[in-house]
Amino acid sequence: MKLHFPQGDHPDVELKPGKYTVGSSADADFTLEDKGLADIHATITIENNECEISIDNPARLVSVNGKLVKTNKEVREGDLLIASQLHMKLVSSDQVEEEDDNRTRIRMALPKFILRGVSGAYFGKTYPLRGSTIMGRHSECHICVNADGISRKHVQIDVEPDGLTVKDLGSSNGTFVNGKKVESGELKVGDELKIDNIRFLVQTPGMAEPAQSESGSTKPQSRTKTSSEPIEDEASGGGAVKWLITVVVLGAAVAAAWKMGYLNGIIG
């Protein structure tokens with residue numbers, strides 16, 4: 001048997017008995033970048049003419065024919081495997097490749113919106129949003145968030161023609177948008193979605209990953225000062241400048257008053 005990459009991400013690979021790792025690290029057997037993959041995202045094992053795919057972290061999304069893998073799952077010829085956004089298919093070794101007839105090959109379009117994890121075990125993980133997406137602890141959810149405070153089916157996000165909508169599915173611990181608990185509402189790019197204590201940002205593909213502080217919270221982006229803003233504030237020396245200006249003005253006023261009084265004395 002061999003592993004076929006239908007989107008052309010990697011040349012087909014003949015699978016012999018053994019273990020093969022898939023991930024973004026150069027140490028992985030199948031290395032692919034910019035696919036939302038962990039360094040070592042999943043392991044494919046071939047033994048006794050049987051194939052199995054396994055993960056060691058439930059946050060690393062892997063599905064077989066649309067069913068999420070919790071720890072490991074058998075894979076048969078013809079099955080479609082998706083690791084994050086990477087598509088793979090197990091095919092027979094003697095399967096003949098289709099001839100290139102110069103037709104344009106259709107690739108899956110990039111999603112308009114993505115969710116990016118910004119806390120805990122989900123920090124840096126990205127999840128495409130297409131159609132209706134259900135998040136929850138159940139393995140059949142589109143985005144499986146395996147944490148104790150998450151309901152089996154926690155929240156639903158729908159891609160509408162004019163944006164995103166969010167709907168809480170009767171969760172125990174609630175759904176929050178920008179810190180406010182909601183039953184339903186809109187989601188916009190830049191909004192923070194929180195389910196229990198796990199936080200995600202709504203982004204578009206290509207947006208920079210937010211920095212994470214030691215406490216696990218995301219750091220706000222630094223703001224560049226404009227030319228109209230003072231270089232220093234009172235804490236950094238601006239107060240001393242204001243004090244000096246005040247002294248100069250008062251001194252000038254005193255000098256003017258003395259001079260006027262001196263002239264009055266001469267005239268008088």
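Modeller: Phe5, Tyr20 and Phe30 form a cluster, linked by ring pairs. The model is predicted, so local features need pLDDT of at least 70, side-chain atom pairs count only at pLDDT 80 or more, and totals for chains, interfaces and linings use all residues. Numbering starts from 1 along each chain as its sequence is written, and side-chain values use heavy atoms, with hydrogens and water left out.

Colleague: What makes two rings an aromatic pair?

Modeller: Rings of Phe, Tyr and Trp (its six-membered ring) pair if their centres lie within 6.5 Å. Planes under 30 degrees apart are stacked, over 60 edge-to-face, and the rest tilted. The count by this rule is four aromatic pairs.

Colleague: Why is the pair of Tyr20 and Phe30 called stacked?

Modeller: Their centres are 5.8 Å apart and their planes 10° apart. Both values fall inside the limits, so this is a stacked pair. Tyr20 lies in strand E3 (residues 18-23) and Phe30 in strand E4 (residues 30-31), so the pair ties together parts 10 residues apart in sequence. Strands here are DSSP runs of E, at least two residues, and helices are runs of H or I, at least four, all numbered from the N terminus. Tyr20 and Phe30 are both buried.

Colleague: How do you know that Thr133 is buried?

Modeller: Buried means under 20% relative accessible area (1.4 Å probe, protein chains only); exposed is over 50%, partly exposed in between. Thr133 has 4%, so it counts as buried. Thr133 is in contact (heavy atoms within 4.5 Å) with residues including Pro128, His142 and Val155, leaving aside neighbours within four places in sequence. Across the chain of 268 residues, 38% are buried.

Colleague: How do you know that E14 and E16 pair?

Modeller: Two strands pair if DSSP finds at least two bridges between them. E14 (residues 132-136) holds Thr133. Four bridges join E14 to E16 (residues 155-160), so they pair. They run antiparallel. The bridge partner of Thr133 in E16 is Ile157.

Colleague: What makes E15 and E20 edge strands?

Modeller: The open sheet has five strands in the order E15-E14-E16-E17-E20, with mixed pairing. E15 (143-144) and E20 (184-187) each pair on one side only.

Colleague: How do you know that E21 pairs with E18 and with E22?

Modeller: E21 (residues 192-195) has three bridges to E18 (residues 175-177) and four to E22 (residues 198-203). Both counts meet the bridge rule, so both are pairs. Thr175 is partnered by Ile195, and Leu193 by Phe200. In the hairpin of E21 and E22, Asp196 takes a positive phi near 55°.

Colleague: Why is Lys194 said to sit over the ring of Phe176?

Modeller: The rule needs NZ of Lys or CZ of Arg within 6 Å of the ring centre and within 35 degrees of the ring normal. The charged end of Lys194 is 4.3 Å from the centre, and it sits over the ring.

Colleague: What makes a space a cavity?

Modeller: On a 1 Å grid over the protein atoms alone, a cavity is a set of points where a 1.4 Å probe fits but cannot get out. The search finds one of 30 Å³ or more. About 50 Å³ lies in the largest cavity. Lining residues have an atom within 4 Å of a point; among them are Gly36, His41, Arg60 and Tyr127.

Technical notes. On a 1 Å grid over the protein atoms alone, a cavity is a set of points where a 1.4 Å probe fits but cannot get out, and a pocket is an open set with protein on both sides within 12 Å along at least five of seven lines; lining residues have an atom within 4 Å of a point. Grid points are joined across faces, edges and corners, and a volume is the space filled by probe spheres set on the points.
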